[in-house]
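Welcome! Take a moment to look over the sequence and the 3D view, and then we will walk through a helix and an interface together.

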Amino acid sequence: MSSSPPSDIRRTPLYSLHAELGAKFVPFAGYDMPVQYKAGIMAEHRHTRAAAGLFDVSHMGQVVLHEAEPALALEKLVPGDLQALKPGAMRYTMFTNENGGVLDDLMVLRRETDLFLVVNASRKADDIALLRASLGGVRIEYLEDRALLALQGPQAVAVANRLLPGVARMGFMTGANFTWNSHVIFVTRSGYTGEDGVELSIPNSQADAFARELLAQPEVAPIGLGARDSLRLEAGLCLYGNDLTPETTPIEAGLAWTISKRRRAAGGFPGDAVIQKQLALGPARKRVGIKPAGRAPARDHTKILAGGAEVGEITSGGFGPSVDGPVAMGYVAAAQAVSGTALDLEIRGKSHPATVVPLPFTPHRYAKI
Amino acid sequence: MSLKYTKEHEWVRVEDDVATIGITTYAQEQLGDVVFVELPEIDAEVEAGNEFAVVESVKAASEVYSPVGGTVVEVNEDLAAKPGLVNEDAEGEGWFVKIKLADPDELDELMDARAYKAYVDTLS
């Protein structure tokens, strides 16, 4: 095989570091990304829950909105309450379409004079096009010159604090600037594993050196996309394209908690009527946790049956290393969306029993400050 | 007899007219941690080149194709509780099934260890 990728495959600034660490690469959202390193997905997953895991998430889109009132402007596209955000505070929300379906899910952080957004790699081009088309007067800056690292796990914040003193004082879902090697690193206390941790936005030119310094800390191991997926699945967190799509609403997805009282009442975002109706009457189907009874993993698109009738399908499913068994999420009709409901999963033509369970599978251990 | 191999990374060892079948060390390295193996029923008929088992890693499910045809006479029950045997000892304790051969001539189509190693070397 050739050592240089086809021209349409991109690499993050940490590509050579991944290769040095023995990463196995897979194409993901147009990037050559490490799916796992030498330790393997199982060990990487467990290491993150026990100590601290370093993830390269530089493929994700970092976007800044500049304007006098960027929060007010962005509220036209998302149901999240951005005006209520104090400077330094962060919120999870989603771009919606006219039917209330989800175009992408994202993090929004209010800074003193702008809004900092992190969007999915697979959606970033469309998101930026949507922002440009919809937010007249707002300057939209795509931070192509910055890498994004995630350090996750019970020891992640102690490690980050060693390199960037003060990180440990940050509240959960807040962001602040730190200086390392005379470069600004923008840190948020957040993540996608259910563990405490940080995400670090750093100039491309500094990403390799900073990642190596993190990896030199005894608690830290590199973690690939494979474990990132199993960690977020156990944590009950949605994956865009699987659990969230243009055909699913935030209410069906169990994300009503992301929409404040003011925004529920006032609307003013795409699909507001559909979402308000679902909030009032309850959605016809809901995302639930599903625990297969046996050992066979139920992957996405597995059919879900109740009493012989099809009631939905699995949208994310696999093996949960911390649960030590198969775990899944999927959409079922409202009547079945009750913990304890018995279901059948059709895996390779055979019926396998399963139960609706509360999410997450692994308790969240976010910072309590 | 020594092991014979397929391009789909299965191995077969024949004693009398019974073939023991599994996936190769190379295959388990590519799959990563094996978390579940779906095996056929005893007495199931399998055909050479057809899917007869599924091996699931944390990440994905992969089909396993039979190198030879015949009747399943035994399956490795230990894999139900310890699927990780496939990673630890793919070409030994991590075997999948034993098949009573329908046509021993099918073995002639398979690679010996040297040919398989040369084939694997072309893949990396």
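Let us begin with the outward side of a helix: the face of H4(A) turned away from its buried side carries two exposed residues, Ala125(A) and Ala133(A). Bear in mind as you look that this is a predicted model.

Which residues of helix H4 of chain A are buried? Within this helix, which covers residues 124-134, they are Lys124(A), Asp127(A), Ile128(A) and Leu131(A). Looking down the axis of H4(A), you would find its buried residues within an arc of 95 degrees, so they line one face of the helix.

Now turn to the place where the two chains meet. Here, 19 residues of chain A are in contact with 16 residues of chain B. The table gathers some values for this interface.

| Interface of chain B and chain A | Value |
|---|---|
| Area buried between the chains | about 1400 Å² |
| Share of that area on carbon and sulfur atoms | 51% |
| Salt bridges | four salt bridges |
| Polar contacts (both residues at pLDDT 80 or more) | 10 residue pairs |

One salt bridge to look for joins the side chains of Glu38(B) and Arg348(A), at 3.2 Å from N to O. On the side of chain B that touches chain A, the elements giving two or more residues are helix H1 (25-31), strand E4 (34-38) and strand E6 (51-57) of chain B. Sorted by class, this side of chain B has eight nonpolar, three polar and five charged residues.

Key:
Residues are numbered from 1 along each chain as its sequence is written. Chains are lettered from A and ligands numbered from 1 in the order in which they are written. This is a predicted model: local features need pLDDT of at least 70, side-chain atom pairs count only at pLDDT 80 or more; totals for chains, interfaces and linings use all residues. Side-chain values use heavy atoms; hydrogens and water are left out. Buried means under 20% relative accessible area, exposed over 50%, partly exposed in between (1.4 Å probe, protein chains only). Helices (H or I, at least four residues) and strands (E, at least two) are DSSP runs, numbered from the N terminus. The arc is that of the directions from the helix axis to the C-beta atoms. Contact means heavy atoms within 4.5 Å. Buried area is the accessible area (1.4 Å probe) that two parts lose on being put together, summed over both. A polar contact is a pair of N or O atoms within 3.5 Å; within protein, one must be able to donate a hydrogen and the other to accept it, and residues adjacent in sequence count only if both atoms are side-chain atoms. Ala, Val, Leu, Ile, Met, Phe, Trp, Tyr, Cys and Pro count as nonpolar, Asp, Glu, Lys and Arg as charged, and the others, Gly among them, as polar.
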